[in-house]
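Here's a quick tour of a protein model for someone meeting it for the first time. Have a look at the structure below, and then we'll walk through its sheets and its charges.

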Amino acid sequence: MADQDIEQAVSRALEDAPDRNFSETVDLAVNLRDLDLNEPSNRVDESVVLPSGTGQETRIVVIAEGETAIRAEDVAYEVIGGDDLADLGDDDNEAKDLAEATDFFIAEEAMMQDVGRYLGTILGPRGKMPEPLSPDDDVVEVVNRMKNTVQLRSGDRRTFHTRVGAEDMGAEEIADNIDVILRRLHADLEKGPLNLDSVYVKTTMGPAVEVA
């Protein structure tokens with residue numbers, strides 16, 4: 001359970017958000033310090049499962065064939081087979097559109113080499129190379145887990161953003177998501193909390209409220 005300070009910051013961000021006729025995303029902005037981000041090993045690059053979910057649709061594309069592809073049809077945003085993969089490799093614009101519209105890719109291990117050949121230059125620079133799916137993995141279980149997953153990625157920039165919920169979620173749920181993210185950062189950063197300069201929460205169109 002998140003501490004009261006985080007929950008109060010989320011409550012303020014939700015209360016201060018302007019009225020809209022749609023549910024806005026709630027985002028976390030993280031400002032780092034005392035890290036040489038030109039050194040790739042110092043960069044943040046983590047997948048985090050949010051305990052309360054993202055509150056919005058997470059688009060997951062599965063690259064698979066046979067029984068795995070059939071099972072994925074019910075849970076994935078789209079399923080791509082080997083022939084479709086080759087077609088995408090011949091159409092950069094379509095491949096880029098798919099990459100931009102997709103949150104995560106999952107691919108059977110046996111197809112990862114083809115993914116690299118046909119889509120590596122599109123997915124690699126965007127940080128969207130697929131998570132490999134082993135023969136023992138349950139594709140439905142993996143997709144459902146990843147629907148509650150967000151990516152923390154700083155690149156070489158001191159400030160990065162990630163989704164932590166949606167405006168129609170409760171403040172406590174969003175605060176629990178933020179708490180999990182902060183704990184992960186504290187554990188993974190070289191100096192833990194000392195590498196965090198500031199953290200803000202806000203709705204898409206609303207003002208930022210400092211969390212830490």
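Predicted model: local features only at pLDDT ≥ 70, side-chain atom pairs only at ≥ 80, totals over all residues.

Let's start with an open sheet: four strands line up in the order β4-β3-β5-β6, with parallel pairing. Strands here are DSSP runs of E with at least two residues, helices are runs of H or I with at least four, and both are numbered from the N terminus. Two strands pair if DSSP finds at least two bridges between them. At the edges of this sheet sit β4 (78-80) and β6 (131-133), each pairing on one side only.

Residues are numbered from 1 along each chain as its sequence is written, and side-chain values use heavy atoms, with hydrogens and water left out.

There's another open sheet of four strands, ordered β8-β1-β9-β10, and its pairing is antiparallel. Its edge strands are β8 (159-166) and β10 (209-210), each pairing on one side only.

| Strand pair | Direction | Bridges |
|---|---|---|
| β3 (residues 60-63) and β4 | parallel | three |
| β9 (residues 196-203) and β10 | antiparallel | two |

Zooming in, Val-62 has Val-79 in β4 as its bridge partner, while Tyr-200 stands opposite Glu-210 in β10.

Now for the charges. Which residues form a negative surface patch? They are Glu-65, Glu-78, Asp-83, Asp-84, Asp-87, Asp-90, Glu-94 and Asp-97. Patch members have over 30% relative accessible area (Shrake-Rupley, 1.4 Å probe) and no salt bridge, with like charges joined within 9 Å. Both α3 (82-89) and α4 (92-101) give two or more residues to the patch, and α3 has the largest share, with three. Asp-87 lies in helix α3.

Side chains of opposite charge can also pair when their charged atoms come close. Counting a salt bridge as a Lys or Arg side-chain nitrogen within 4 Å of an Asp or Glu carboxyl oxygen, the total comes to 10. One of them joins Asp-138 and Arg-71, at 3.0 Å from N to O. This pair links distant parts of the chain, 67 residues apart: Asp-138 is in the loop between β6 and α6 (139-146), and Arg-71 is in helix α2 (residues 66-72).

Key
Patch = residues over 30% accessible without salt bridge, like charges linked within 9 Å, V, L, I, M, F, W, Y side chains within 5 Å. Lys, Arg positive; Asp, Glu negative; His and termini not counted. Charge placed at Lys NZ, Arg CZ, Asp CG, Glu CD.
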